[in-house]
Structures are given as structure tokens and as C-alpha cells.
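I opened my notebook to look at pockets and packed helices. Here is what I looked up, one entry at a time.

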Amino acid sequence: KLSCRCQSWSHSSTTLLLRSLAVAALRASPTTRMGSSAAPAIAVSISSAFDAGNIVFTSADASSVRLKVRPDPPTELEKKCHSQWFYFRASAGQPGVVSYEISNAGATSYPEGWKALKVCASADRKVWTRVDTTNYAADAGALRWTYDHGGANPCSVYFAYFDPYDYERHLDLIARCAAAPGSRVRSLGQTLDGRELDCVEVGDGPKHVWVIHRQHPGESQASWFAEGLLRRLLGLDSSAPDGLSVSLRRKFTFHVVPNMNPDGAVRGHLRTNACGANLNREWATTGEYEAPTPRRSPEVFHALRAMDASGVDAFVDVHGDEALPVAFIAGAEGCEVWGPRLKALQGAFVAAYARANPDMQAELGYDPDPPLKANLAICSNQVAARFDCLAVTLEMPFKGSNPSNLAALSSGGTFQGPRAAALGASLLDALSHVGPSLRGVAEPAFGEADAYVAPVEDAAVVAAFVEAQEAALEKERQAAADAADAASAGGCSLG
């Protein structure tokens, strides 16, 4: 039986060791062959001694650094050590191109997630972009990329799996919410490391909507989503909330938990809290494994107790998915309560969401559970069964090119933190659409455009979807080029 004892990690001492090893190793070899010419060695210092940092230095030579992702503590239920999230700083002592390799990428929790992934990079930790040189070598199980530390790029840069969202930014968001009119901030309880489980409550309507985020701490998209939702709901970017937000605050009472797992997030974990509990498997007892408990999963224990006190009429659990390149919804198809009512609500919810924001779509997603085969230890399944309500898991991609959003693809935009935030703001449009039918309607009647679509996860279907979207994008580009040529020809004609 695996121990649930919290693992300690000395960031400061490890950083000094990594720094000295990296610099020494890189300086030990004065030159390396790059093509047909020799390039000078570049001293690079590697550090992850900061909030959400995760990397382990293994070796280096001239202009090349090899690293490994540090695993989470072992999970007592799943009996495995998850890993995938990484976030570190690389400081080059002089300008030049450096090759980076995460050599244990193939041994992480979701190795298929590295395919087509582009590493995120930032000099100021505010603006993040994708590294186009990223390549996953499946045969070697290694994620590789090069970075030019010089010219327009600074010598010191941060690399991450996705745009990080640190705990200080979380606290700043909570403070802004607490100061906003009509907002109430309370702690549902404390985590194992003693952090508050913050819940932002907005509105005074009779229907209760719960939105929780980041049960899996390495899925930082969820924190960006929460910020976008709260900024719109409270009007944090303007003098007042928009009209839809004002209307929904009269109909609903919102309970928003921006970060369910702050301990795991600060520690740089992928899926677990401070002692190795995967919170999204802690919502019910599994066999002899009791859950949730204050000893192992206080975050779920406190949140579920608060939900029982208020009741739940609609619920969204926000995550990030490693493999699929799109945002999608996973529902309660395998629960006993699933029937015409929840099917209609979920179909309309997803359709309205996709109309409001092109980063959402209905066709792709996890294959639905067979009837009565839902795992009730998974959060959204437990909430659906417990409260007989619309309850879904919302997943966002780690991969940058979301093929469902043609407008973003045509402009070269990638899915990063700001688009996750925009998806959070658009949640209100979807909730507004289904709100009147959440309770008291046996079989809600929506239009044909709102019909339920069973999502598909099959790799061939996903590939066909991506190919079709790329073809549509190419058609749009060709049409635009033809229009431009026609306008140019017309402008040159003699009158």
C-alpha cells in the first residue's frame, strides 16, 4: 500500500545544484558540432525554484541541456506517480542557440499529449508564445526544442507546458473579487498545506450554479478560465458588469471556486494535492478506499459539504486535456439520472456555448460512458447523481492550434491563457440559454440546432475533423486572395 505522506521538495538547494551542474557541464565541452561548423559552448543555468516550478536537470554538454519532469507523489487509489507538467527558467550566460530535451516525456502520464504540442515560452511571465521548433520524438520518448537566446530573444526565458497561473495571481484575483460590489468571498475550509479554499459567491437568485476549477493543478487553463468568468460576472474590467451578467445575477447564485488544488499548483504537480490524492477521484468511496476525507482530500470534503448545504442546479468542473486539440464537454451519460431531460439540457448547453465562442465544439470529446457505468468518484458524475442536475466536465486543450476556431487559425493565433479566459466569460451565454429549463421541466424543448450530439474520441475521427477544418481554412484564404486579386485588377483598370 502506498503511503500518502506528503513529499517535501527543497527548491533552493536543488536549484543551486542544478545551476552548478549545468554550468559546469556546458563549460566542460568547449565546442559542439552544429552542421558543418563548430559553435562555442553556452553556459545555461536551469531553475524551477518558484511557484509551480517543475523540472529536474540530468545532464548537459555544449549548447544542449537534458531534463526530466519530476513526478507527483504516489496516488494511494491509482497506485501511480503522475507527471506531465513542467515549468522552469533557463538563463543563458551569452547569446546563442540552445537545444532542450525532456528525456522522460515518453514515460509521463499522457505521452500521446506531446504529439503536435508546442512548448510555451515567456521572458516576462506575462506574455506567452509557442516555440515552433518543438518536436516529440516518439521512438526516443523525448520532447525537444531549440531556442535562440539572443537577438530579439532575451538570454533568460521561462518554458512551460501551458501558460502558468501562479498563486500570487490567484490571491490578487480573490482580492479584486472581494472588493467588487455584489461579491462575497468565503473560505470553504483549508487545504493540507494550510491554504484557504476560496469561493467567490455572486448573485442572489434562487438557482445555484457551482463552477469549480483546477482539481488537477497542472491544468492551468482552468485558472485562466476562472479569471475570465469572474471578470465578466463582476465587471472587473469596466465600471459595471454587462447586461447579461446583471440579469443572471438575479436568476442565479453563483459559487465559483477558482482553484480547488492550490497546494498541488504551488508544488508543481500535474494531478494531485499535497499528499498525492487525485481530487477528481475523491468524490465517493471506491471499494475500501474511503473518500472524501479531511485527512487526504479536505478540498473535496469541504466543497461537497458546501454544495450539500446550498443545493446545485447546474455544475461545471473545469479542466485541461492533454491529448485532444479542442475544447469540449463531458457529461453524465453513464449516470442513473441521465434521461431525456438531462440529454436535452446538455445538448442545448453545448450548442449555445459553441455559438457564443468558436473555441467550443460538440463533435469531439471523450466517448460517453455506457448506461449506468459512470464512475461516481469522478466529480461531475457524483454531482449529477447527487443533485439530479446538469453537471459537466469542461476540458480545454494544451495544444495551441484549436482547429474548431477558424478565425483564430486564420490569424495565426494559438490557444493560450487569454483564450481560456475568454472561454470562461462565454460560459454565461450557455448558462443563460438553458437557465429557464434547469428545473421544473420534465423534457425541455429546444430547437433542432440544440440537439444533443454524442462526442467521439476516435483518433481517425479527430484527424478527419482537423483535416476538414484545415481545408475550410485554406478555402477561406484562397477566397480572400482571389478577392484581393480582383480588387487589385479593378483598381488598375482605365476609365
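My entries start with the model itself, then go to the pockets and the helix pairs.

**The model.** I am working with a predicted model, where local features need pLDDT of at least 70, side-chain atom pairs count only at pLDDT 80 or more, and totals for chains, interfaces and linings use all residues. Residues are numbered from 1 along each chain as its sequence is written, and side-chain values use heavy atoms, leaving out hydrogens and water.

**Largest pocket.** I found a volume of about 1,100 Å³ for the largest pocket. A pocket here is an open set of points on a 1 Å grid over the protein atoms alone, where a 1.4 Å probe fits, with protein on both sides within 12 Å along at least five of seven lines; lining residues have an atom within 4 Å of a point. Volume is the space filled by probe spheres set on the points, which are joined across faces, edges and corners. I noted 48 lining residues, and Asp 321, Ala 323, Leu 324, Tyr 366 and Glu 457 are the closest to the centre of the largest pocket.

Which element gives the largest share of this lining? It is H11, with eight residues. Helices (H or I, at least four residues) and strands (E, at least two) are DSSP runs, numbered from the N terminus. By class, I read 19 nonpolar, eleven polar and 18 charged residues in the lining. Ala, Val, Leu, Ile, Met, Phe, Trp, Tyr, Cys and Pro count as nonpolar, Asp, Glu, Lys and Arg as charged, and the others, Gly among them, as polar.

**Second largest pocket.** I wrote down about 170 Å³ for the second largest pocket. Its lining includes Tyr 87, Trp 128 and Trp 224, and by class it has five nonpolar, no polar and five charged residues.

**H7 and H10.** I saw that the axes of helix H7 (residues 340-356) and helix H10 (residues 417-434) come within 8 Å and cross at roughly 135 degrees. Axes are lines fitted to C-alpha atoms, for helices over the stretch in contact (heavy atoms within 4.5 Å), and angles run from 0 to 180 degrees between N-to-C directions. H7 is therefore oblique to H10. Angles under 35 degrees count as roughly parallel, over 145 as roughly antiparallel, 65 to 115 as roughly perpendicular and the rest as oblique.
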